[in-house]
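Please keep the sequence and the structure in view while reading.

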Amino acid sequence: MFPERAIVVVDDDASMNQAMERLLTAAGWTTLMFASAEALLESDAPGMASGFILDIHLPGLSGFALHEKLQKAGFMAPVAFITAHDLEWVKKQAQLAGAIGYFVKPFDGRSLIETLDRNCSPV
């Protein structure tokens, strides 16, 4: 059985994943956490996602490349990008990708939750 409100998070920073999991769980979301794009792609989680939170700078496949692969595979859930490197070209690429949000670490958790609640429907 699929979770009703699952957010898939991909970030290679273990402490960030832990903090995100606590934040999202407290807000009522089920979380599916991954440390790499490749780990997500090897799982069934994309089909369970109401939304994705993708770190842009991942080892291996970047968050942008992962998003493109997910879309090509038919997984069209909304995506928010997170990054520690606030560069104008990165922000522009997130906008061009149709992101529902672009968050620079450290970011306000309430803003992230509001963005998810507004844009991500239960699967």
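In this predicted model, Lys72 has a relative accessible area of 69% and is therefore exposed. Its side chain meets that of Glu68 in a salt bridge, with 3.1 Å from N to O. The structure holds four salt bridges.

- Glu68 counts as partly exposed because its relative accessibility is 45%.
- Glu68 and Lys72 lie four residues apart in helix H3, so about one helical turn separates them.
- Arg110 forms a salt bridge with Asp108, and their closest N and O atoms are 3.5 Å apart.
- Arg110 is exposed, with a relative accessible area of 61%, whereas Asp108 counts as partly exposed at 36% relative accessibility.

**A salt-bridge network**

- Lys105 forms a salt bridge with Asp55, the closest N and O atoms being 3.5 Å apart.
- This pair links distant parts of the chain: Asp55 belongs to strand E3, and Lys105 lies 50 residues away in the loop between strand E5 (101-104) and helix H5 (109-119).
- Lys105 counts as buried at 18% relative accessibility, and Asp55 counts as buried at 3%.
- Asp11, Asp55 and Lys105 are linked in a network of salt bridges.

**Nonpolar cores**

- The largest nonpolar core has 24 residues, and Val8, Val10, Leu40, Phe52 and Leu66 have the most contacts inside it.
- Elements that give two or more residues to this core include strand E1 (6-10), helix H2 (37-41) and helix H3 (63-72).
- Leu66 touches several residues beyond four places away in sequence, among them Val10, Leu40 and Leu54.
- A second, separate core has 15 residues, including Ile7, Met16, Ile82 and Leu112.

Note on methods:
Residues are numbered from 1 along each chain as its sequence is written. This is a predicted model: local features need pLDDT of at least 70, side-chain atom pairs count only at pLDDT 80 or more; totals for chains, interfaces and linings use all residues. Side-chain values use heavy atoms; hydrogens and water are left out. A nonpolar core is a set of buried Ala, Val, Leu, Ile, Met, Phe, Trp, Tyr and Cys residues joined through side-chain atoms within 4.5 Å. Buried means under 20% relative accessible area, exposed over 50%, partly exposed in between (1.4 Å probe, protein chains only). Contact means heavy atoms within 4.5 Å.
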